[in-house]
Amino acid sequence: MIPRIHKRGKRTIGLLAYLYGPGTHEEHTDPHLVASWDDNAPDPGRDAQATLKQLQHLLDQPVQNIDEDSRPAQHVWHLSVRNAPTDRILSDEEWADVARRMVAAAGIDDPDQDAGCRWAAVRHADDHIHIIATLVREDGYKPDLDHDAQRVQDEARLLEAELGLRRLNTGDRTAAQRPTSAERHKAEREHRDRTPREELRETVRRAVAGAGSDSEFFDRLTAAGLLVRRRVAPSGDLLGYTVALPDDRNKDGDPVFYSGSKLAPDLSLPRIRERWSATPDLGESEQGTRPVAAPGTSRPASARRRAAGAVWQAVLVIDQGADGAVAAQIAAAGEVLDALAKTSAAHTRRELSEAAFAFERASRSHVRAAREHDRALRQAARDLAYGGPALGRGEDGASTAMVIDMLFFLATAAALWHARKGHAQQAAAAQQAAEHLRAAYSSAAESPLAALYQRGRDLSLPIRRQHAAIVRDALPGLAERLMAEPGWPALAATLAEAEAAGHQPGPLLTAAAARRELDTAESVSDVLVWRLRRMADLPAAPVKGIPSPRRNQSRPAGTRSAAAERPSRRSPGL
């Protein structure tokens with residue numbers, strides 16, 4: 001059940017005409033009254049003798065009875081209450097009870113008070129009602145509507161339980177503003193998939209991802225095709241900004257601008273500046289340039305490998321860190337998702353965009369982010385943004401699968417953390433993002449895992465038996481499950497590659513499995529493949545033309561390869 005308080009107005013007759021009319025798209029059916037302040041108000045919908053003017057006159061009477069100077073400038077209060085499509089259809093009597101409880105909760109007409117405001121509840125569809133009220137009480141005083149929006153939300157949660165409706169998660173007033181009904185109807189008329197508010201929010205978030213200064217942020221907004229206005233103080237200081245889509249116009253033909261704070265609480269200019277004020281040197285040496293790729297690797301693949309490492313470190317912080325540090329990691333992970341969605345290949349872009357769209361709600365709570373802890377993830381987002389678009393094959397595709405796998409665990413960890421903190425909406429959003437990441441992973445991993453499966457099948461029988469024995473020694477509780485999974489050949493191939501690169505596969509496998517729980521994984525072998533390849537610094541995808549690894553062929557017995565002797569570029573925790 002979603003109650004929504006609309007913008008106040010000053011024409012009672014105008015709102016009544018809409019509620020009893022056919023609707024913008026002829027969607028209103030059988031408009032009629034279900035309840036009113038005295039349960040005796042005229043119903044123009046079902047009483048042929050009643051008129052809208054009569055109902056308007058009665059509603060406005062308390063307003064007209066006081067001095068004109070004392071009347072509210074906007075005296076018409078409007079609340080809609082809508083059920084989910086999957087909910088059962090409530091009767092008129094049930095909707096009447098909903099209306100009475102909503103006006104009492106809001107402070108419009110509380111039965112515990114001596115006098116209330118006049119109101120009427122109109123139903124013109126199966127799934128919702130509208131309540132109109134005038135904001136002068138019968139005794140001439142004005143109602144106390146402080147926090148009315150939160151109070152009707154709290155009442156809705158109680159009604160959901162009592163009426164057996166879909167239970168929505170309790171909010172904490174940190175969510176981005178929802179599109180208005182007028183914005184949704186306009187988007188439908190213009191055949192848009194999303195409202196301009198939602199499109200702008202996504203575009204601005206992507207412009208913020210990994211940005212390090214005001215100028216870089218505004219350059220990205222302009223490059224994305226948005227119309228941008230800057231709000232400047234008389235002193236010349238930049239105070240804020242507004243953005244618009246070039247093709248979103250009002251009735252006068254002017255662009256419809258939205259301020260950053262109207263898109264989301266953390267997109268106001270002061271809140272955005274908090275991100276780069278904590279990391280003033282972010283990308284300092286490569287402002288506006290592409291990050292350098294590792295030898296033999298494309299820039300997108302290198303950016304994804306670095307992002308995978310940063311994301312994995314963030315997962316460890318979310319599991320064990322202080323609240324401020326955890327909030328910073330989750331917020332910065334949203335930037336990584338935004339940048340990854342923008343630069344990924346077509347076959348994963350949709351699911352990654354949906355994951356970023358869902359995770360946006362998980363990135364904010366009342367826990368203040370300690371921004372000094374988010375540098376690694378913000379640098380990863382920057383690398384992704386400047387690394388350029390990735391191909392969906394080869395090392396680009398495999399490294400995309402690797403970072404998505406890590407992001408899935410981050411989203412799952414974020415959901416658990418939010419749940420422990422009682423952040424119901426954020427926990428649900430993070431879990432929804434995890435499901436989209438799971439779908440994106442399936443698309444991204446199909447080709448590189450198929451190549452690894454084939455390499456594993458090409459291993460000689462003695463080598464396969466040797467690595468099976470290694471798995472049984474290192475992970476006795478998981479060994480049989482791993483070898484029964486379809487991904488076992490890929491894991492065996494990865495262990496062989498790690499050994500050929502100078503690593504001891506047994507201890508490496510034990511360390512990979514101990515990094516974090518594996519219960520949420522659909523394929524434990526897939527998870528271990530990506531952990532091993534990242535920890536051993538192996539290419540995400542097997543390189544064509546290189547023969548399948550064989551035991552001891554890469555070095556003399558009792559020695560370690562040059563790769564093993566190189567200092568690790570990763571933190572000890574990895």
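Which residues have the most contacts inside the largest nonpolar core? They are Phe359, Ile404, Leu437, Leu528 and Trp530, and the views below start from them. This is a predicted model, in which local features need pLDDT of at least 70, side-chain atom pairs count only at pLDDT 80 or more, and totals for chains, interfaces and linings use all residues. Residues are numbered from 1 along each chain as its sequence is written, and side-chain values use heavy atoms, with hydrogens and water left out.

**View 1. The nonpolar cores.**
The largest nonpolar core has 90 residues. Here a nonpolar core is a set of buried Ala, Val, Leu, Ile, Met, Phe, Trp, Tyr and Cys residues joined through side-chain atoms within 4.5 Å; buried means under 20% relative accessible area, exposed over 50%, and partly exposed in between (1.4 Å probe, protein chains only). Helix H14 gives this core its largest share, 15 residues. Helices (H or I, at least four residues) and strands (E, at least two) are DSSP runs, numbered from the N terminus. Look next for isoleucine 404: leaving aside residues up to four places away in sequence, isoleucine 404 touches Leu340, Leu352, Leu437, Ala440, Tyr441 and Ala444, where a contact means heavy atoms within 4.5 Å. A second, separate core has 41 residues, among them Ala35, Leu59, Val81 and Ile129.

**View 2. Alanine 341 in helix H11.**
Alanine 341 is found in helix H11 and is buried, with a relative accessible area of 0%. Not counting residues up to four places away in sequence, alanine 341 touches Arg206, Arg349, Leu352 and Ser353. Leucine 384 is 43 residues from alanine 341 along the chain, and their C-alpha atoms are separated by 9.6 Å.

Two strands pair if DSSP finds at least two bridges between them. E4 and E5 run antiparallel and are joined by five bridges; tryptophan 119 stands opposite alanine 133 in E5.

**View 3. The three-stranded sheet.**
Here three strands form an open sheet in the order E6-E7-E8, with antiparallel pairing. The edge strands, each pairing on one side only, are strand E6 (227–232) and strand E8 (258–259). Strand E7 (residues 238–244) pairs with E8 in the antiparallel sense over two bridges, and tyrosine 258 in E8 is the bridge partner of valine 243. Helix H7 (residues 214–223) lies across E6 and E7 and runs at about 15 degrees to E7.

**View 4. Salt bridges.**
Side chains of opposite charge can pair when their charged atoms come close. A salt bridge is a side-chain nitrogen of Lys or Arg within 4 Å of a carboxyl oxygen of Asp or Glu, and the count by this rule comes to 41. One of them joins aspartate 127 and arginine 82, whose closest N and O atoms are 3.6 Å apart. Aspartate 127 lies in the loop between strand E4 (117–123) and strand E5 (128–137) and arginine 82 in strand E3 (residues 76–82), so this pair ties together parts that are 45 residues apart in sequence. Aspartate 127 is partly exposed at 30% relative accessibility, and arginine 82 is partly exposed at 35%.

Aspartate 139 and arginine 137 form a salt bridge with their closest N and O atoms 2.7 Å apart. Lysine 421 and aspartate 323 meet in a salt bridge of 2.9 Å, N to O. Lysine 421 lies in helix H14 (residues 394–421) and aspartate 323 in helix H11 (residues 323–343), so the pair ties together parts that are 98 residues apart in sequence. Salt bridges that share partners also join Arg205, Asp266, Arg275, Glu335, Asp338, Glu360, Arg364 and Arg378 into one network.

Notes
Axes are lines fitted to C-alpha atoms, for helices over the stretch in contact, and angles run from 0 to 180 degrees between N-to-C directions.
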